[in-house]
2 protein chains.
Amino acid sequence: MESRPVSIKDVADRAGVAVGTVSNVLNHPARVSSATRERVQAAIDHLGFVRNDAARQLRAGQSRTIGLIVLDVGNPFFSSLARAAEDCAAENGSTVVLGDSGQDTEREARYIDVFEQQRVQGMLISPVGDVGPRVEALRKRGMPVVLVDRVDAQRRCSSVSVDDVAGGYMAVRHLLEAGRRRIVFVGTKASFRQVDDRLAGARQAVGEQEGAVLEVVEADAMTVLAGRDVGGVIARRPAGRLPDGIFCANDLLAIGVMQAVLLIRGLRIPEDLALIGYDDIDFSASAVVPLSSVRKPTELMGRTAVELLLEEIEGPSSRRRQVIFDPELVERGSTTAAVRAAG
Amino acid sequence: MESRPVSIKDVADRAGVAVGTVSNVLNHPARVSSATRERVQAAIDHLGFVRNDAARQLRAGQSRTIGLIVLDVGNPFFSSLARAAEDCAAENGSTVVLGDSGQDTEREARYIDVFEQQRVQGMLISPVGDVGPRVEALRKRGMPVVLVDRVDAQRRCSSVSVDDVAGGYMAVRHLLEAGRRRIVFVGTKASFRQVDDRLAGARQAVGEQEGAVLEVVEADAMTVLAGRDVGGVIARRPAGRLPDGIFCANDLLAIGVMQAVLLIRGLRIPEDLALIGYDDIDFSASAVVPLSSVRKPTELMGRTAVELLLEEIEGPSSRRRQVIFDPELVERGSTTAAVRAAG
DNA sequence: CCGTGCCGTTGAATCGTTTCATTAGCACGT
DNA sequence: ACGTGCTAATGAAACGATTCAACGGCACGG
C-alpha cells in the first residue's frame, strides 16, 4: 500500500508524453498545446503528483527560499518583523523559513549551516554575538546576508536597524512639549548599548530645553517588579522633589512605576506625573492608564530587510547599505490627558 | 571573482582522490585512512566546501527536516512550543522549520505545499480551520502529520492537545478549596469551543460542591478592556450580591477585572475576592496582585508532538494516538494570601 | 612463488527535474 | 513535388551527492 513517491516520469507515462513535456506543462504552459496540457494535468491530479523541490533546486542551483534567524520568536518585535518579511517575500515569489536562535550562539551557527546547505537565496540574521567572521565566510562563498536590528561596524553587509538615540530624544521631547521640566530617566546600571543610546537621546533633548533637568535613576533589572521598586522610592519623595515626567528604558519598567505611583501615593497620571516607556509591548495599551511609548517600525524593517536582500541577490555588485529607521512615538493617556479616554 | 559554488568534485580533484572517497570522509570517516582523511579535510577547508542539501536529499529520498505550522508565532504558547519541538528534534538529528499561518487558510495551504515539495520528514500542524481533506491527501501520499492543539475527530492522525474541561475544573476547584462559594465565570457570548469547555469544567466543579453557586457573566470580548467593564459592573453591586471568587476564561479578562475591582471599590484580593485566569500569559505574574492561572504544558506538548511524529516516521504501521494533557494550576497571590509576597 | 583475505579506494549508476538541441508533423507558397 | 517556416513534442545531458560492486595492493601462510 505504501507506494513509492510519484515522479514526473510516472505522470509522463500515464499521460503518454515525454518527461520534458510534463516539465513544460508545469513551467511553461504556453509552450504546450491545450489538449496535451489537459491530459497531463489530469494525470497529475489523478496520481497526486507533487514536485520534488530537491531535484528542482539541484538543477536550478538555487532555491526560492530566504532564511531568517531571530533571537527569540516569542518576542513580538521579531514575530511581527517575521510576518512582514514573509509577506514581502511572498510578493516576490520567495518563501521565508524561520529559525529561532534563542540567543544561543550554537543554535545560531546550526541554523546558518542548515540554511547554507539548503542553498537559500540569502539570509536575514539578527545576530547573537559577533557574527563578523561567520558572515565574512558566507559572503566569500557568495551568500547574500542582511543584518537585522544591528549595524555592521565594518560595513561588510547591509543592515536594517533603529536609531535608539532618536527614540530617547523623541520620548523626552514629548514630555518637554507637555510642559514637564523635572524629568527622570529610569534605566539599569549594567546597561546594554540600546539603553545607553536611549539615555543619550534623553540627555540631548533636555540639554536643548532651557530650565529642564534630567535625573537618572537606576533599576535592578528591566522588569515590572524592578519598576515597582523604583516607583515606590520616587512616590515616597517629598512633594518638592517629585519629578513631573518619567521616561523608562522599557515598557515593563514603566508599568511597574505606574503601579507603584498610583497605589502608593495616588498621584494622577498624567496630570501630576507624565509617564512614557519604550518598545510599545502589547500590554501597554491595556494598562490602567494606557501607556505612551516609542516603537520600532517593525513591519517596515521586515519589508526593508527583504528588499535589501533581494537587491543584493539581483545585483551583487551594488554596494552595501546601512538603513537606520527612526522609531515612532505612540501617544496614549499616560502623557496626554486629551487622549486618556481613547486608550 | 564570483566563482561558481564548490562541489564535491572540486574537493576530490584538489585532494587527488575520487569523489566517492570525499563522500566517505563526510559520511563514513572510519572507512577512510587517516592520511587521506586529513588531505581531504584540508581541501574542504581550503575551498570552503559546503554540502549541497538538495543533491543529498534527492539521492536519499528524504530530508532531516520537520515542518511546523503554527497559528501565530507571536503567541507565547506557540513560540515556546516551537522552541521545545526544536530541541526535541535536534536531539534526534532533525531540524524544525517554522511556518506562520497567521490564522490564514491560504498561508497555511502555501506552507503545506512548500513543505511537501521540500519532502520534509513530516509535519506538525496547528490547523486554522478544517484541514481534514488536506491532511487526508497528505497521508495518502505517505506524509506523516501530527495535529497540535486540536484533536482529529475522525482519528485519521495523531494529535497533541489539552483538556480544557479539566482546566476549568481545576480553576474552580481551586477557588472552592480556598473556601469560596459564590463563584462567577466570566466568558463571552459568541464562544469558542475552548471557552465552552472551560465553563463545562467550572460547572462540574461547582456541582460537586454542596452550597456552591455558579453565575455566568458575559463579556464583549476576551480583552483587558472588556474585563474592566465586567469588573466595573460587578464591583458596583451591593455587598450582599458580591461574588467571593471569579474565574475568567482568559488572563486578559482577569487582569481587566482586577484593575476595575481594585480601583473602583478597593476590594482586597484575595481576601474579599479570589481571582483566577487562564493561559498564564507573561504579564500575569507582574500584575499588581500576581494572577493565579491555568497553563498548558507547552514544552511537554512540543516534545510529545515531535515524538509522535518520529514514531510514525519510523513505523508507519503503528496506530494513531490522541494524546490529551491536563493543564497545570499556577497559584499566585490573587487566590492564595500565603503566596502573595512571593509573586 | 602463489593463493587468500583484507583494507582502502575507485568510478559508474542513481535520484527527479529542467533545459535545449533536435526531430516530427503540418500548412503554405512556389 | 519540394523547400520553408512554424509549432509541438522528444529525449538525452546536466545538476551534486551517495552508494556499492569491483578492483588494486599488501601482508601473510603454505
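**View 1. Contact between helices α2(A) and α3(A) in a predicted model.** A:T21, A:V22, A:V25 and A:L26 of α2(A) meet A:T36, A:R37, A:V40, A:Q41 and A:I44 of α3(A), where contact means heavy atoms within 4.5 Å. These residues divide into five nonpolar, three polar and one charged (Ala, Val, Leu, Ile, Met, Phe, Trp, Tyr, Cys and Pro count as nonpolar, Asp, Glu, Lys and Arg as charged, and the others, Gly among them, as polar).

**View 2. Crossing of α2(A) and α3(A).** The axes of α2 (residues 19-27) and α3 (residues 34-47) of chain A come within 10 Å and cross at roughly 90°. Axes are lines fitted to C-alpha atoms, for helices over the stretch in contact, with angles from 0 to 180 degrees between N-to-C directions. The two helices are therefore roughly perpendicular to each other (65 to 115 degrees). Helices (H or I, at least four residues) and strands (E, at least two) are DSSP runs, numbered from the N terminus.

**View 3. An open sheet of four strands in chain B.** The order is β7-β6-β8-β9, with parallel pairing; two strands pair if DSSP finds at least two bridges between them. β7 (213-219) and β9 (274-276) are the edge strands, each pairing on one side only. From one strand to the next, the twist averages 20°. Three bridges join β8 (residues 245-248) to β9(B), and B:I246 has B:L275 as its bridge partner.

**Notes.** Residues are numbered from 1 along each chain as its sequence is written, and chains are lettered from A and ligands numbered from 1 in the order in which they are written. In this predicted model local features need pLDDT of at least 70, side-chain atom pairs count only at pLDDT 80 or more, and totals for chains, interfaces and linings use all residues, while side-chain values use heavy atoms, with hydrogens and water left out.

How values were computed: Angles under 35 degrees count as roughly parallel, over 145 as roughly antiparallel, 65 to 115 as roughly perpendicular and the rest as oblique.
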